[in-house]
Amino acid sequence: MTDIEKGTLDQAVRQVLERVRDPRSQQDLVTAGLVESVRIQGGLVQITLAADRAHAAGLEPARAEVERALRAVPGIMNATVVLTAHRPAGSAPAPAPARPPVPAAPAGGGGGHRPIGLGGGGPAPAATDGPPAKLLAGAKAVIAVASGKGGVGKSTTAVNLAIGLARTGLSVGLLDADIHGPSLPRMLGITHQPEVRDKRLIPIDAWGLKVMSIGLLVEERTAMIWRGPMVMGALQQLMVDVDWGELDVLVVDMPPGTGDAQLTMAQKVALAGAVIVSTPQDIALLDARRGVAMFEKTRVPVLGIVENMSTFCCPNCGHSTPLFGHGGARAEAQTLGVPFLGEVPLLLDIRVSADAGTPILASAPDSDAGRAYMAIATRVAEALRPQLEKKRAG
Ligand SMILES: Nc1ncnc2c1ncn2[C@@H]1O[C@H](COP(=O)(O)OP(=O)(O)OP(=O)(O)O)[C@@H](O)[C@H]1O
């Protein structure tokens with residue numbers, strides 16, 4: 001796209017936003033300060049409208065009108081307008097910007113910048129507090145990999161667990177729902193963006209898995225600063241707009257913690273089970289306990305606990321040291337009455353292979369780490385068998 005074409009698109013988008021009225025103030029959406037962000041990239045447009053909850057309830061027709069109008073503009077291949085209700089009640093909308101907030105795309109588009117590819121093809125929820133619906137129903141079993149605390153190796157476990165499940169002969173997808181820190185593209189060595197076909201995102205094939213991550217669609221920095229309802233909006237769109245095809249298991253790498261985002265996910269998706277990852281330290285186990293409690297509260301079966309960074313294996317002499325203690329997760333699992341799925345040592349090779357984008361179970365399946373992950377995956381596959389058989393029969 002040339003600079004001139006891009007300038008014309010900017011202008012067309014602005015005209016649409018200035019034509020549609022806010023029903024409350026009767027001002028156009030830009031003047032009313034309701035436009036939070038505009039992103040234009042290679043013919044794809046994503047706009048976020050933000051208002052307080054009461055105001056947002058009446059803005060759906062305006063949102064739909066903007067979307068319709070944008071999709072009719074020549075040169076716009078697809079447009080998604082998201083309405084978020086995250087402004088505090090009674091707060092004044094942001095002052096009208098002189099221009100719509102800066103489109104994130106550099107002039108000329110493309111150029112290595114990550115586009116928004118959300119197609120808006122499915123029944124994407126417009127507001128973030130719509131009625132609960134069970135999403136991702138296409139997969140025979142959806143499992144969440146969660147941790148009460150960040151940095152315990154949840155994503156590394158999710159990746160290797162997914163590869164292990166695929167090695168048992170299942171068709172497996174991997175969804176990175178860790179919106180604030182999407183690390184799966186890096187861990188899987190994915191550098192290209194997903195295609196949009198019939199307004200739906202096509203997951204990327206990597207290591208025998210179908211993969212989708214918000215990290216493939218927006219810059220990491222953008223995702224990091226999103227607030228709660230925007231995170232939920234993005235998550236829901238990821239769950240609605242991706243064409244997963246036929247899957248036996250979809251592994252969801254959850255955001256760390258046990259806050260609203262996790263709870264909402266657990267409620268909106270018919271989860272077949274959850275795998276909780278923890279290090280053996282008391283503090284991490286305390287958070288893991290909260291994770292187990294959260295899933296139990298939402299009636300999601302806990303498939304078990306994984307102890308990560310169990311012992312430190314020195315790459316030089318092979319000596320094992322229980323750096324963070326050892327066995328705590330097994331004991332905790334016993335106390336909580338949930339299965340213990342296995343332990344993974346703290347190994348330099350795991351970190352190096354993750355950073356290189358070549359997950360250890362794919363690159364070195366016969367290594368200690370590879371075997372540890374495969375044992376965990378085999379236990380999870382076994383636990384999922386009844387559900388998979390039931391779905392296949394049905
Ligand atoms: N068993 C292990 N041995 C060595 N390094 C590991 C191990 N598990 C994870 N790591 C490394 O620890 C770091 C954090 O892991 P990871 O990103 O999987 O954690 P996380 O819990 O998903 O973090 P966040 O909550 O921030 O997303 C990464 O550099 C990863 O390579």
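Hello everyone, and let me begin with a definition: Ala, Val, Leu, Ile, Met, Phe, Trp, Tyr, Cys and Pro count as nonpolar, Asp, Glu, Lys and Arg as charged, and the others, Gly among them, as polar. Hold on to that for the ligand. What we have here is a predicted model, in which local features need pLDDT of at least 70, side-chain atom pairs count only at pLDDT 80 or more, and totals for chains, interfaces and linings use all residues. Residues are numbered from 1 along each chain as its sequence is written.

First, the overall picture. The chain has 13 helices and 14 strands; these are DSSP runs numbered from the N terminus, with helices (H or I) of at least four residues and strands (E) of at least two. There are 394 residues in the chain, and 52% of them count as buried. A word on that term: a residue is buried if 20 or more other C-beta atoms lie within 10 Å of its own, exposed if 12 or fewer, and partly exposed in between, with C-beta atoms placed from the backbone. Contacts are next, and two residues are in contact if their C-beta atoms, placed from the backbone, lie within 7 Å. If we take contacts between residues at least 6 apart in sequence, 78% of them join residues at least 24 apart.

Now to the ligand. How do the residues of the shell around the ligand divide into nonpolar, polar and charged? There are eight nonpolar, nine polar and three charged. Here a residue is near a molecule if its C-beta atom, placed from the backbone, lies within 6 Å of it. Of the 20 residues around the ligand, the ones that come nearest are Gly150, Gly153, Lys154, Ser155 and Thr156. At least two shell residues each come from helix H4 (154-167), strand E12 (302-313), strand E14 (340-346) and helix H11 (348-356).

The UniProt record, an unreviewed entry, has a "binding site" feature at Gly148, Lys149, Gly150, Gly151, Val152, Gly153, Lys154 and Ser155. UniProt positions are given in the numbering used here, feature names are shortened, and annotations may be inferred rather than shown by experiment. Let me pick two residues from that feature. Lys149 sits in the loop between strand E4 (139-146) and H4, and Lys149 is buried because 21 other C-beta atoms lie within 10 Å. Ser155 belongs to helix H4 itself and is also buried, with 26 other C-beta atoms within 10 Å. Leaving aside residues up to four places away in sequence, Ser155 touches Asp178, Ser183, Leu184, Met187 and Asp253.

Is Leu165 buried or exposed? Leu165 is buried, since it has 27 other C-beta atoms within 10 Å. Its contacts, again not counting residues up to four places away in sequence, are Leu170, Val172, Val249, Ala377, Val380 and Ala381. Leu165 and Leu209 are 44 residues apart in sequence, and their C-alpha atoms are 9.7 Å apart in space.

Let's look at two other helices. Helix H3 (residues 60-71) has 12 residues and spans 17 Å from first C-alpha to last, close to the 16 Å expected at 1.5 Å a residue; that expected span is 1.5 Å times one less than the number of residues. Ala62, Arg63, Val66, Glu67 and Leu70 are buried in H3. Seen down the axis of H3, these buried residues fall within an arc of 135°, so they line one face of the helix. The arc is that of the directions from the helix axis to the C-beta atoms.

Helix H10 (residues 328-336) has Gly328, Ala329, Glu332 and Ala333 as its buried residues. Down the axis of H10, they too lie within an arc of 135°, so they line one face. On the face turned away from that buried side, H10 carries the exposed residues Gln334 and Thr335. Just after H10, Gly337 takes a positive phi of about 70°.

That brings me to backbone angles. Most residues other than glycine have a negative phi. Gln26, which is not a glycine, has a positive phi of about 65°. Gln26 lies in the loop between helix H1 (3-19) and strand E1 (35-41), and is exposed, with 9 other C-beta atoms within 10 Å. Arg299 is not a glycine either, and has a positive phi of about 60°. You will find Arg299 in the loop between helix H9 (282-297) and E12.
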